[in-house]
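Reader: I would like to learn how to read a protein model, feature by feature. Could you take me through one slowly, giving the general idea before each case?

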Amino acid sequence: MVLILLGAPGSGKGTQANRLAQKLGLRHLSTGDMLRRHVKDGTEIGKKVESTMKSGQLVPDELIVKMIADQIESMSSGGVMLDGFPRNLSQADKLDEMFSDHGLNVDRVLFLSVDEDELIKRLSGRFYCPKCDAGYNYPMHLPKSEGVCDNDGEKLLRRPDDEESIVRDRLEVYRTQTSPLEDYYRKQGKLVEIRANIHPDKVTEAMLKAIMDIGQTDLKQAGNAKA
Ligand code: ADP
């Protein structure tokens, strides 16, 4: 089973993908996480993409398509949840090509929709632990002691692209380059829109319902389903 998570920055894709991956035994493939790991490790790819990521723009299609191509073989067995890819129509075309070469198919596109002022609020209150990657946000999910991680006492940081002016640019990139994918997948009957301005648990519930709808056979193929 292949699921795509679609939604603007701050819509909760990462949080929800982690929850669903755990519940359903799906593999969570986040292009943003993969790229951030490259930057952290100082790889050639990391050096190439760092400034583009900081500015909130998209990194070149060829680079990201190659990253996904490297994972295609492993998508044939077990379920996968793509988070952050495809991000424009040309990446969606490439994915279709790669999938048809490997007999794969996109089962559902789960679109998390949230109003823009709520997105800005969420992103400007977001912090993470550079050691264990735990996420926090003000004022909803505060650490026990201000500014440090509950798990390891590490000082919390903000993603460089969560600064307000950059957030606005990322939302503009979403509007102009990524949101056409909503229609692209709606026309194929694959898009399920989930209003994600509600409690995260309710969002998870709605997503699970949309996935269950695909059918038990596919769910079994997704691997050790626990829910
Ligand atoms: P967001 O919270 O904005 O959805 P991500 O963690 O998915 O963030 O991505 C962070 C950054 O990584 C993007 O702003 C972009 O620079 C780069 N990136 C991630 N996925 C892609 C992609 N499919 N195509 C191009 N750039 C990408």
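Predicted model: local features only at pLDDT ≥ 70, side-chain atom pairs only at ≥ 80, totals over all residues.

Author: Let us begin with strands, where two of them pair if DSSP finds at least two bridges between them; helices (H or I, at least four residues) and strands (E, at least two) are themselves DSSP runs, numbered from the N terminus. Residues are numbered from 1 along each chain as its sequence is written, and side-chain values use heavy atoms, with hydrogens and water left out.

Reader: In what order do the 5 strands form the open sheet?

Author: The order is S2-S3-S1-S4-S7, and the pairing is parallel. Because S2 and strand S7 (191–195) stand at the edges with a single partner strand each, one side of each is left without a neighbour in the sheet. For angles, axes are lines fitted to C-alpha atoms, for helices over the stretch in contact, and the angles run from 0 to 180 degrees between N-to-C directions. With direction ignored, neighbouring strands of this sheet are turned by 20 degrees against each other on average.

Reader: Which strands does helix H1 lie across?

Author: Helix H1 (residues 13–24) lies across strand S1 (2–7), S2, S3 and strand S4 (108–113), and it runs at about 175 degrees to S3.

Reader: Which side chains does His28 join in polar contacts?

Author: A polar contact is a pair of N or O atoms within 3.5 Å; within protein, one must be able to donate a hydrogen and the other to accept it, and residues adjacent in sequence count only if both atoms are side-chain atoms. His28, which is found in strand S2 (residues 27–30), has such a contact of 3.2 Å with the side chain of Asn18 and another of 2.9 Å with the side chain of Asp83.

Reader: How many residues surround the ligand?

Author: A residue is counted as near a molecule if one of its heavy atoms lies within 4 Å of it. By that rule 18 residues surround the ligand, and the closest are Thr31, Arg36, Gln57, Gly84 and Gln91. The largest share of this shell, 4 residues, comes from helix H2 (residues 31–41). An oxygen atom of the ligand is 2.9 Å from an N or O atom in the side chain of Arg36, and a nitrogen atom of the ligand is 2.9 Å from an N or O atom in the side chain of Gln91.

Reader: Which residues does a cis peptide bond join?

Author: Most peptide bonds are trans. In this model, however, a cis peptide bond joins Phe85 and Pro86, with omega at about -5 degrees, and Pro86 lies in the loop between S3 and helix H5 (89–101).

Note on methods: Contact = heavy atoms within 4.5 Å.
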